Amino acid sequence: MFLALVVTPELREFLARGRGGALRLIQVLIQDEQLVLGAFRELEKSWDQDYDHFLLPLLDDQEPCYILYRLDSQNAQGYEWIFISWSPDQSPVRQKMLYAATRATVKKEFGGGHVKDEMFGTVEEDICLLGYQRHVSSCSGPAPLTVAEQELQRIKITEWRYLCVCACCPLQVKTEISVESKHQTLQGLAFPLQDTAKRALEQLAQKRINYIQLRLDVEKETIELVHSNPTETRELPRRVPKDTPRYHFFLYKHSHEGDYLESVVFIYSMPGYSCSIKERMLYSSCKSRLLEEVEKEYRLEVAKKLEIDDGDELTEDFLYDEVHPKQHAHKQAFAKPRGPAGKRGHKRLIKGTGGSKQES
């Protein structure tokens, strides 16, 4: 639903001036069922230097408004603008609804071709300069994939992984191609462990330490020890880097159903798009071979293997639920109750049509 309110001549004049690039900011208000000019600001400095200085003083905690803010970039229509809808939580519900229904009218009156970005805010943090920069950053991220696109992406990643492994360490790629071959298998990439990493794994197996962090040295094609500092469960999120992948082994000490347990948890942390494609592929390829060596050579029984993109996921409850998944109770189907055993009671006598008694 949208409302086509009357635009005052004064506002129409300032919108035209804005499209010509003469103004930095235009505030639009709704008064007496009309769209009116609330305020305007002329250019002083660059768009980012003017932004908070001009925009934030116009925000009223009790009243919504529209704000058109001019950037310094241009497109085929002219200067590009940000269209901001300000609707604070404390404002009356009727006003919120009125402004929400009129938004399309304001954009159409100004000219949608001039609008580069649109923002909606209920607090200053949503639409301040930092808020706008966060908005731009989130919009530039990859869009959600459909099921078909996800399948295509998996195929491409598999192909890239194969090419990367071939380029980095061709001797580790084991394939069998012949007339009788039915499939081609890529074995995991195996980077050797450095001596310090080996000693740390031995100490973890002996429970002399409770945490190990490992990294791949891509140039040397080895797995290095980052550190093995003592780590409590509450400290685990801080051990996970925000900008680079890592392997972690953690001795999770806890109680379960009255028993004290010490479970080894493997954590593969991958921050996502902040890492290069090559890093993501190498860490993913080396993971299975590393776990295979750890379990076989160092007799470490890994109770749970986790893959995360943010260390904040590693809470006490999360680890407990992963190591000891909740069992879903079997819901018994409804059974019709059985009738009483033995006789069902004495037979009754009813009168027949001829007046004679019959047994039933």
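Two strands are said to pair if DSSP finds at least two bridges between them. By that rule, strand 2 and strand 3 pair in the antiparallel sense, over eight bridges. The model is a predicted one.

**Strand pairing**

- Leu29 has Val36 in strand 3 as its bridge partner.
- Strand 2 and strand 3 form a hairpin with two residues between the strands, and in this hairpin Asp32 takes a positive phi near 50°.
- Strand 3, residues 34-42, also pairs with strand 1, residues 6-7, this time in the parallel sense and over two bridges.

**Arg24**

- Arg24 belongs to strand 2, which covers residues 23-31.
- Is Arg24 buried or exposed? Its relative accessibility is 1%, so Arg24 counts as buried, the cut-off for buried being under 20%.
- The Arg24 side chain reaches the backbone oxygen of Lys45 at 2.8 Å.
- A polar contact at 3.3 Å links the side chains of Arg24 and Asp50.

**Nonpolar cores**

- In soluble globular proteins, nonpolar side chains tend to be buried together.
- The largest nonpolar core here has 40 residues, and Ile26, Leu35 and Tyr51 have the most contacts inside it.
- Leaving aside residues up to four places away in sequence, Tyr51 touches Leu56, Tyr69, Ile82, Ile84, Met119, Ile127, Cys128, Leu129 and Tyr132.
- Another core, of 29 residues, lies apart from the largest one; among its members are Leu201, Leu204, Ile209 and Val264.

Note on methods
Residues are numbered from 1 along each chain as its sequence is written. This is a predicted model: local features need pLDDT of at least 70, side-chain atom pairs count only at pLDDT 80 or more; totals for chains, interfaces and linings use all residues. Side-chain values use heavy atoms; hydrogens and water are left out. A nonpolar core is a set of buried Ala, Val, Leu, Ile, Met, Phe, Trp, Tyr and Cys residues joined through side-chain atoms within 4.5 Å. Buried means under 20% relative accessible area, exposed over 50%, partly exposed in between (1.4 Å probe, protein chains only). Contact means heavy atoms within 4.5 Å. Helices (H or I, at least four residues) and strands (E, at least two) are DSSP runs, numbered from the N terminus. A polar contact is a pair of N or O atoms within 3.5 Å; within protein, one must be able to donate a hydrogen and the other to accept it, and residues adjacent in sequence count only if both atoms are side-chain atoms.
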